[in-house]
Amino acid sequence: MTDCLVTNELCKSYRNFKALHRLNMHIPKGAIYGFVGKNGAGKTTLIRQICGLQNPTSGSYSLYGVKNTDPAIRKVRKRMGAVVETPAIYQDMTAAENLKMQYQLLGLPSFEGIPELLELVGLEKVGKKKAKDFSLGMRQRLGIAIALYGNPDFLVLDEPINGLDPQGIVEIRELILKLNQEYQITVLISSHILDELAKLATHYGFIEGGTLIKEISARDLEAACRKSIRLTVSDIRALCRVLDRMKLEYRIDSERKAEIYGEVGVTTLTMALAQEKCEIFSMQEHEESLETYYMNLIGGGQHE
């Protein structure tokens, strides 16, 4: 799969503060790339770099194989659309007027395609309603519509669901999936709302302290997020004997509780425990979440 974006030892410093430090990232073409990190971890700094709003202190990046120091990067950047931080919209204009203004600023010859663009983001029925009267979710969708001018095939969204209500989150999620699956647009989403990213992303990059500490595909992440069964039993020693005989990996949590990893034959386990006169009080399936994986990756709360 061809990479849409590649960074190579990318650094950005402000006096003594390293916002990005030797960051190496690969975003495959066609991916929905979840860029995960706490506030201040460097997500927005990276986005501002690739959008040409800032220059690296050192290192480099490439868009579609064109390096940031190549004059051709300006032309390649036209293949990008971005919503960085707050959507850039005119509050006293309608959705259509905002798009027309954007077209004029870019010197586009006509307003052709604006109705279709509004329909794509679900704003075709807002009529003469001014942007200042839009909900936050509507403003986000208008910001995405503005970013989609010129039919980009790489869309960069900085915290697009931050502050949205549940309905607004669903609308943005469905729009992102539609843009990716139906229009083949590669999407980079920075977010710290991990449960929502897990419903979207095909790839992840985890950033901490300006450094990318892990890149992983959603498929590999799913395999890495271990499944387990949590048991409460009457005799923990009997449980250990049975699990040792079955050669299962497990962890003892207390005098009555344990967690068993991997594929477990529940019927076989139950019968073996019955022979040991060990009663099962509770049994729950458990699967590690994206949030748990991330917290384990950065070392729990030690960075807070």
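Predicted model: local features only at pLDDT ≥ 70, side-chain atom pairs only at ≥ 80, totals over all residues.
Which residues in helix α9 are buried? Helix α9 covers residues 236–245, and its buried residues are Ile236, Ala238, Leu239, Cys240, Val242 and Leu243.

What covers them? The cover includes three strands, β11 (227–233), β12 (250–252) and β13 (257–261). Helix α10, residues 266–275, is also part of it.

Now the ends of α9. At the N-terminal end, Asp235 is the cap. One of the side-chain oxygens of Asp235 sits 3.1 Å from the backbone nitrogen of Arg237. After α9 comes Lys247, with a positive phi near 55 degrees.

Next, a helix pair. Helix α5 is residues 136–147, and helix α6 is residues 166–183. Their axes are 10 Å apart, and the packing angle is about 20 degrees. Angles under 35 degrees count as roughly parallel, so α5 and α6 are roughly parallel to each other. The crossing is right-handed.

Who meets whom? From α5 come Gly137, Gln140, Arg141 and Ile144. From α6 come Glu171, Ile172, Leu175 and Leu179. By class, that contact has four nonpolar, two polar and two charged residues.

Last stop, Lys43. Lys43 belongs to helix α1, residues 43–50. Is Lys43 buried or exposed? Its relative accessible area is 4%. Buried means under 20%, so Lys43 is buried. The Lys43 side chain reaches the backbone oxygen of Gly37 at 2.7 Å.

Conventions. Residues numbered from 1 in each chain as written. Heavy atoms only, no water. Helix = DSSP H or I, 4+ residues; strand = E, 2+ residues; numbered from the N terminus. Buried < 20%, exposed > 50% of the residue type's maximum accessible area, 1.4 Å probe, protein only. Polar contact = N/O pair within 3.5 Å; in protein donor to acceptor, adjacent residues only side chain to side chain. Axes fitted to C-alpha atoms, helices over the stretch in contact; angles between N-to-C directions. Parallel < 35°, antiparallel > 145°, perpendicular 65-115°, else oblique. Left-handed = near helix turned anticlockwise from the far one by under 90°. Contact = heavy atoms within 4.5 Å. Nonpolar A, V, L, I, M, F, W, Y, C, P; charged D, E, K, R; others polar.
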